[in-house]
Amino acid sequence: MRLSMLISLIRPIGPVVIGISLGFTLSLLSVTWVEEPCSSPDWNRGDEVVLQLDGNHYSLPAGSLQNGENVEDFEPRIVPYKPVQQQPPPKKMYRAKYISTELGIRERLFAGVLTSKNTINTMAVAVNRTIRHHLDNVVYFTGMRNRKIPHGMFVVTHGDERQIWNMFQTIRYVLEHYINEYDWFYFVQDDTYTQADRIKSLVGHLSIHTDLYMGSPEEFIGGEMEGRYCYGGFGYLLSRTLLLKLQPYLESCRNDIQSSRADEWLGRCIIDYGNVNCVEEQEGLHYQRFEMGKNSDPNKEEDIRFKNAFTVHPVLDPAQMYRLHNHFTEIELQRTYDEIEKLQAEIKNISEVAFDGNRSAHWPIGINPPFEPKTRFEVLRWDYFTEDQVYTCKDGSPKCELQGIDKADVTNVIEIAMGELNKKYKPVLHLKKQQLINGYRRFDPTRGMEYTLDLQLEVVNQKGRSRSITKRVHLVRPLSDIEIIPMPYVTEATRVHIILAVTVHDRDYVNQFLEVYATNFFEMSENAILSFLFIYDPFQAQQVNQNDIFANVKAKIAAYERKYPVTKIPWISVKTEAPSQIKIMDIISKKHQVDTLFFVANVNTNVNSEFLNRCRMNTINNWQVFFPIHFQDYNPDIAYHNQQPPPTIDLIKDAGHFDRDIFDEACFYNSDYMAARTKMFSDVQENEEILEALDVYDMFIKYSNLHVFRAVEPALHQKYRHKFCNPRLGEEIYHRCIQSNLEGLGSQSQLAMLLFEQEQGNST
């Protein structure tokens, strides 16, 4: 019984005891038993050992000497310091500028034209005008050239007229500069017409991994050489892989292969070292060419090989080159029209099985559907017109004469309508226009100009009987695809010469102009030069020594020059009774260089850097002049009647308007002004008053072929001022000035409210 009680007491703590015992056992088993070596008691105490050598004390930590070593035998060693060599920084990874370069994506086709000194200004120019806008890159290779290179052509000169040498240098130049940028290389002579779009289509269907030498195969002269070369007159295609295979052996070809013709030399080189013959067919595609007769007329040539040709050779002169280009362009245009009609027919057939039938195909097929307004304010307005008059006029008149581009537009639309009607009803009926009864047109920004015409027609049948009917037709002049138009390069770094003409009526406003100008330009070091032109009438010019009307202005200019030492403000004085813009610019133009960019300013204009940058970008030498439309504040007494005007005026409806009657501000280059002024010279000799009747804007319109860029300019802001209108200037200029003063008073609602208040006051 005692045993059972003992077991019952021990049972709860039994596992604990067993666990502790097991832990001790495992710990003892894991200990590494190392026999303690017999050593000198001096080295086993863990004490520090002190040595004395040459009077210097050195301390060694315990255990630093091995057993049996004697302290007296110990000699310290000096270990030289070796700095840790720093690892060079990792090289910076440079990424390619274009993702196509990094991914190895190349352009499709390179074109090289083989020309000469005698034909580069004639035949090569004709080739350039017919293929340049169809291909990405066209380079002209010649042995020698004239001093003057044709405009818009990239010419590579080899310095020798030998044919073989020029061909060798051409291939080497292409390998050095273009081999990594293009997949296919097309070479042609300048007496060959090339249908560039067909060549592009050909290479677009060929594998770029093929060693291909494609053209018009010819046997070698004498027949001793096996294989065939590509005749250079019809041009030939070389693949990039073949040129790379040829690259190591190019020098060997030059030294070892003798030939009298460049195309034969290249063919022998390709056959010997590339093991490739000239072929005219590859992957089911044929290299089409046509040999032109001496007296052949492209418009009368009916051979199917001519119509399908990629190249035509020989071309005798540039005129024949242009006739060929015109003929092939008409062929391609007709093929395009046929494809469009085919696609329209397919769309029409498919739309018949659509959910809502033919209504799903908008007319005309392939053109965007008409704009659908969501509110009453979005409804597009139709303008009514007849053959002679239009009932929507720019000046607000209810009716005005149809003229200019509008007249040409209406005439062209009527002719097209009659042509389409006769095409539809011939040969059963013949239609003749009697008159246009009603005409409507509107411009839809999503698809183009739409027309609705009610035509009175005379219908004549095959028996000669006729009757008069009225037919309504609908037409649309669709918008074409958006294209990027190449424009000359301009930069915002061009210096602008700001010309400010000041009369006696402007002198009170010069101080405010200079304050704004100094803040925006003198303190910001803007790349612009301000020049004053002080205009005196004959009486004021006589009194200039006693009473200079511009003395205060000149003193203010001197003060700004002292305040800003690096700034110079030139000024000149002019005596004239009629200060026209052209007379003023004649004086300014002679004092500046030809490439000077002018901005003709107004004393009321607040000029800033934002506008000057647009002046630089919108003015292109020998291409475009810029006439901005400034924002003119309304008369504050009317616009803010019985109110305090705000400190800054925003561009809102009730604050002002863009003054379209004033053409004072202008940006143009001096060379463009001089060219237009030269064309005006003969008319000025016949009538000198034309200098006062016209302004610079009129001069560029009438006497230059430049593009006149007229646009609103929000950064060009003028405060309200009643302008002085000089009656000595042209009648049209004077009336525009008067109209500007009237429209600058206030908006129609503001003027009406002012009149209403006056009537209310008078009635009471």
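**Sheets, strands and packed helices**

A hairpin joins β19 to β20 through 3 residues. Elements here are DSSP runs numbered from the N terminus: helices are H or I with at least four residues, strands are E with at least two. This is a predicted model, where local features need pLDDT of at least 70, side-chain atom pairs count only at pLDDT 80 or more, and totals for chains, interfaces and linings use all residues. Residues are numbered from 1 along each chain as its sequence is written, and side-chain values use heavy atoms, with hydrogens and water left out.

**Around the hairpin**

- β19 (residues 429-444) and β20 (residues 448-461) run antiparallel, with 14 bridges between them; two strands count as paired if DSSP finds at least two bridges between them.
- Leu431 has Val459 in β20 as its bridge partner.
- β19 also pairs antiparallel with β16 (residues 383-385), this time over 3 bridges.
- Asp383 sits opposite Arg441 in β19.

**The open sheet**

- Here 6 strands line up as β5-β4-β3-β6-β11-β8, with mixed pairing.
- The edges are β5 (154-157) and β8 (213-214), each pairing on one side only.
- β8 pairs with β11 (residues 236-239) in the antiparallel sense, over 2 bridges.
- Tyr213 has Leu238 in β11 as its bridge partner.

**Helices on that sheet**

- α4 (residues 123-131) packs on the sheet and touches β3 (107-114) and β4 (138-142); contact means heavy atoms within 4.5 Å.
- The direction of α4 makes about 170° with that of β4; axes are lines fitted to C-alpha atoms, for helices over the stretch in contact, and angles run from 0 to 180 degrees between N-to-C directions.
- α5 (residues 163-177) packs there too, touching β3, β4, β5, β6 (182-189) and β11, and its direction makes about 160° with that of β6.
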